[in-house]
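Subject: Structure handover

Hi,

Here is the structure for your files. Please open it first, then read my notes below.

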Amino acid sequence: MFHNMFWGSEKLSLIGNDDKVQEFECPFEVNGFEYQIRHVVQCVAQGRLESDLMTHERTLSTQYIMDEVRRQGGLL
């Protein structure tokens, strides 16, 4: 079972096939969504209805994956 607040992490560790651990810190400036918010503001200012970085199709696909993660983690 994973930690229920994994999405609120500001640090992550990646373990490679060689068992080498890489650690990354990504502290929030505000709430952790500032990067997405900036991109949405940029898209709206340019009159775009869809991001080239996160298309509607990719958004739905990601949501299906996250629903499954939550289901398997007992959050749904």
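Histidine 39 touches Ser51, Asp52 and Leu53, leaving out residues up to four places away in sequence. Contact here means heavy atoms within 4.5 Å. Histidine 39 sits in helix H1. Its relative accessible area is 18%, so histidine 39 is buried. Buried means under 20% relative accessible area, exposed means over 50%, and partly exposed lies in between (1.4 Å probe, protein chains only).

A word on provenance. This is a predicted model: local features need pLDDT of at least 70, side-chain atom pairs count only at pLDDT 80 or more, and totals for chains, interfaces and linings use all residues. Residues are numbered from 1 along each chain as its sequence is written, and side-chain values use heavy atoms, with hydrogens and water left out.

Serine 51

Serine 51 lies in the loop between helix H1 (34-45) and H2. Is serine 51 buried or exposed? Serine 51 counts as buried, because its relative accessibility is 11%. With residues up to four places away in sequence not counted, serine 51 touches His39 and Cys43. The side chains of serine 51 and histidine 39 make a polar contact at 2.6 Å. A polar contact is a pair of N or O atoms within 3.5 Å; within protein, one must be able to donate a hydrogen and the other to accept it, and residues adjacent in sequence count only if both atoms are side-chain atoms. A polar atom of the serine 51 side chain also lies 2.9 Å from the backbone nitrogen of leucine 53.

Helices and strands

The protein has 2 helices and 2 strands. Along the sequence the pattern reads β-β-α-α. Helices (H or I, at least four residues) and strands (E, at least two) are DSSP runs, numbered from the N terminus.

The buried residues in H1 are Glu34, His39 and Cys43. H1 has 12 residues, which at 1.5 Å a residue should span 16 Å; the end C-alpha atoms are 16 Å apart, so the two agree. The expected span is 1.5 Å times one less than the number of residues in the helix.

Glycine 74 follows H2 and has a positive phi, near 80 degrees.

Aspartate 19

Where is aspartate 19? Aspartate 19 is in the loop between strand S1 (11-15) and strand S2 (21-25). Aspartate 19 is not a glycine, yet its phi is positive, about 70 degrees. At 61% relative accessibility, aspartate 19 counts as exposed. Aspartate 19 and arginine 58 are 39 residues apart in sequence; C-alpha to C-alpha, they are 31 Å apart in space.

Leucine 76

Leucine 76 belongs to the segment after H2. Its relative accessibility is 66%, so leucine 76 counts as exposed. Even so, leucine 76 touches Asp67, Arg70 and Arg71, not counting residues up to four places away in sequence.

Cysteines

How many disulfides are there? The count is 0, where a disulfide is a pair of cysteine sulfur atoms within 2.5 Å. Cysteine 43 is buried, because its relative accessible area is 6%. Cysteine 26 is partly exposed at 44%.

Overall shape

The radius of gyration is 16 Å, whereas a compact globule of 76 residues would be near 11 Å. That radius is taken over C-alpha atoms, and the globule rule is 2.2 Å times the number of residues to the power 0.38. Along the principal axes, the C-alpha atoms fill a box of roughly 45 × 30 × 25 Å. Of the 76 residues, 8% count as buried. Among contacts with a separation of 6 or more, 18% come from residues 24 or more positions apart. The accessible surface comes to about 6800 Å², and 58% of it belongs to carbon and sulfur atoms. Accessible areas come from the Shrake-Rupley method with a 1.4 Å probe; for residues, only the protein chains shown count as cover.

Best regards
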